[in-house]
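Please look over the sequence and the model below before reading on. The paragraphs that follow go through it part by part.

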Amino acid sequence: MPETRKAAVIGGNRIPFARANGAYARASNLDMLTATLDGLAARFGLAGERIGEVAGGAVLKHSRDRDLTREAVLGSTLSPSTPAYDVQQACGTGLETAVLVANKIALGQIESGVAAGVDTASDAPVALNDDLRRVLMELNGARSLGARLKALRGLRPGQIVPEVPRNAEPRTGLSMGEHAALTALEWHVGREEQDELTVASHRNLAAAYDRGFFDDLVTPYLGLSRDQNLRPDTSVEKLAKLKPVFGKGEGATMTAGNSTPLTDGAAAVLLGSDEWAAQHRLPVLAHLVDAETAAVDFVLGSDGLLTAPLYAVPRLLERNGLTLGDFDFYEIHEAFASTVLATLKAWEDPAFAKERLGLDAPLGAIDRAKLNVAGSSLATGHPFAATGGRIVATLAKLLHEKGSVGGRKSRGLISICAAGGQGVVAILEGN
Amino acid sequence: MSNDTLRDLSQNQLVRRLGVPRIPVLRRYAPGQPLLDGPALVGAVGAGRYAEQIRALLKDADIADAAGDGTVAAAVLDATGVRTLDDLAAVREFLTPAVRRLAPSGRLLLLGPEPDAGDVEAAAAAQALDGLVRSAAKEVRAGATANLLVVHPDAPPAATDSAVRFFLSARSAYVDGQVVRVGVPVGPAQDPIGMDAPDEVVRPLAGRVAVVTGAARGIGAAIADTLARDGATVVAVDVPAAGESLSRVANRVGGTALQLDITTPDAADRLLAHVRERHGRLDVVVHNAGITRDKLLANMDADRWDAVLAVNLRAQLAINEALLADDLLSDTGRIVCIASTSGIAGNRGQTNYAASKAGVIGMVRALAPRFAERGVTVNAVAPGFIETEMTGKMPLGTREAGRRINSLRQGGLPVDVAETVGWLAEAETGGVTGQVVRVCGQSILGA
């Protein structure tokens, strides 16, 4: 067995993210993922190339999308001898695929791999009513005319109402926004600071587009060449006019502006060993140093649904002998502005450190000028499984641009919260 | 079916009986195709040095010598020895029976001398060939063409090979009535990287790296396809907004897509850095990216003017400047700039476009001597009426007129432009530089 090595992030590709029922209203997950893989192949000259593996996934999946990623590979210009598998870990899917592929590269099991994610809220799987499904299954299994007639007697008019996927936690019945509102209240996250964070996200994303930063990260799709949700001219004043949509009464601060909208899109990251990259004359933007996944008990315990990264990051820092201040870039996924702000407040809070993290001192404050400098989900939108790939490729390029810092390699931290009380975090090092 | 319905209909005898002339279906190149579909007639007038070379080239290509009567696929005359009007009469003597025997999509190719300023009659006779060939091009029928190579007295016989091969082959289907100068090659006649390739004639660009701007669609996409077919690794460049079709082209040709707005100040640096990192060499640069913003001069605003000049000319100047200052371009480097017959003849509503394209021609002529000592050639290809998405949207009347006012009575295809670019991109075409080759079927515009 070879010694472990750090997997290289070579580059990425995504399609611009579209608002649900917008530019990609008629595109399926398979369409978007295939287009994204093709864009990646074109950028790196991979047409006909056998890649070690492609790991991908979607949060909202049709039953027909069994082995979605493999089907996308077969429909793409990558060699059909490229294996693929699906991963599903809510909004953590995209980053988790990158970790899985990077680990195989680190172990020497593969030399190259693609981590991908896709989601559509426009082409969401609407299923048969559960009652109707049971009747039909019984009918299918019936062996005699009598049994068939008996099964058909189970039909009721109400069964015509389909099962629509809901953006709600199965165990609490609360939507993700309602959960986030509880956390915002707990950490006293104000309306204005949420709106400020939102404006920064839009401005940073617009500026990154304007300077050509995304020229080699994004490939236009179906007529869209920038993220549809991007509002370069938004302001705190404009956002202040929006009515809260999550939470109740005086304490309600979360609006459609400072929350991510339902979004369609896909993203992919190309990873490989340094040797593979060199053989293919491809750049190494960064290395994936380490990753950690945490989960919290948001059902019966006292933790919020989207607070698992609060635990994952300190564990990851400790294992790597780093402190929260040791980073040049922080990519904290903006599910909601309040989620990012609550996360930062918790890391600054001595009581939280002592009681919940079991640490003597809090992680401390971060330099906000290093946070989501090329925009994040509030501006791009958030096609659940695609967000991880977007962030990994964006951060890798930022780190590569930054070069070394005071004799050491530039460093970036990724933190992504996910439904089900999970969170995936990772450290990237610039090259 | 092509999008030229009249041409398709005119293949039908009944339609022709109504008085519609047959619009020829041109012979076009496909890999593995013989150089010519029949025998060739080769002659010489005076002390020509090239006839033997051409006979050897044809023999290599398994093309029979046209003995006796019967049709000929090509008639090639080495008229480089023409110095007097009597010599000129001998040219006529060769051509008259040859033209009668010329097959459909046949080739009339003359090699003439450069006018000798020291000998008035020789200069007159040399120039006379120009008028003769251009007129012959208008007379030959059924998709046949006539072209003239003006050969520099110091050019070694082998220097003409690539031009002779191109003008005889189906690759020059829509190049008609053209005069191209062939000089002493500016550098090595072969790219060492392609020497090991067993089929250098079939894949003349094997091992070479080519950048094509504006490659997402139309003529640019055809150029990417053709260069890749001939063996080149293609870096397909277009504006980020065209990225979706660009990636399709790049994947189709097994190349790479580079989304880059060539008008940004750092575009040349980014382009060169990208090619250096990803390929480590550069052999061919095709400046194809171009836009139109038509308006009559009286209504021409600064935005339309600036936008067209920025893409069509300013960006090329900047990239060429960077190529001059850099050593990335190999010693068989080839720069090919897409101009336009609008830049030669002018076109109503296109003062900005025609200015930019004429500017490209001026740029090419000024750059050629600067690059020559490095073995690099710089040429322009000027398309005439080409059947593209853009011309497909023209009003029917304008489109029909544009299509028919040339000796081949039809529009060209994007691949016709691409084949000419491919020929100029070959290491073997080192004797052709500072030239403007029109791909226009001998359009009456700018003739």
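This is a predicted model: local features need pLDDT of at least 70, side-chain atom pairs count only at pLDDT 80 or more; totals for chains, interfaces and linings use all residues.

The domain assignment of chain B places domain 1 at 31–182 and domain 2 at 192–439. The C-alpha centres of domain 1 of chain B and domain 2 of chain B are 28 Å apart. An unreviewed UniProt entry carries the annotation "domain: Ketoreductase" for residues 208–389 of chain B. That span, residues 208–389 of chain B, is 47% helix and 21% strand, and its end C-alpha atoms lie 30 Å apart.

The two chains also meet. Their contact takes 19 residues from chain A and 18 residues from chain B. The side of chain A that touches chain B divides into seven nonpolar, seven polar and five charged residues.

Next comes a helix of chain A. Helix α14 (residues 387–402) of chain A has 16 residues, which at 1.5 Å a residue should span 22 Å; its end C-alpha atoms are 22 Å apart, so the two values agree. Of the 16 residues of α14(A), 13 are buried, and the helix is mostly covered. After α14(A) comes A:Gly403, with a positive phi near 70 degrees.

Backbone angles single out two further residues. Most residues other than glycine have a negative phi. A:Asp67 is not a glycine, yet its phi is positive, about 55 degrees. A:Asp67 sits in the loop between β3 (53–56) and α2 (68–75) of chain A. Is A:Asp67 buried or exposed? A:Asp67 counts as exposed because 12 other C-beta atoms lie within 10 Å, and the class takes in residues with 12 or fewer.

B:Arg409 likewise has a positive phi of about 55 degrees without being a glycine. The place of B:Arg409 is the loop between α14 (396–404) and α15 (414–425) of chain B. With 18 other C-beta atoms within 10 Å, B:Arg409 is partly exposed; a residue counts as buried at 20 or more.

How values were computed: Residues are numbered from 1 along each chain as its sequence is written. Chains are lettered from A and ligands numbered from 1 in the order in which they are written. Domain bounds come from an automatic or database domain assignment. UniProt positions are given in the numbering used here, feature names are shortened, and annotations may be inferred rather than shown by experiment. Helices (H or I, at least four residues) and strands (E, at least two) are DSSP runs, numbered from the N terminus. Two residues are in contact if their C-beta atoms, placed from the backbone, lie within 7 Å. Ala, Val, Leu, Ile, Met, Phe, Trp, Tyr, Cys and Pro count as nonpolar, Asp, Glu, Lys and Arg as charged, and the others, Gly among them, as polar. The expected span of a helix is 1.5 Å times one less than its number of residues.
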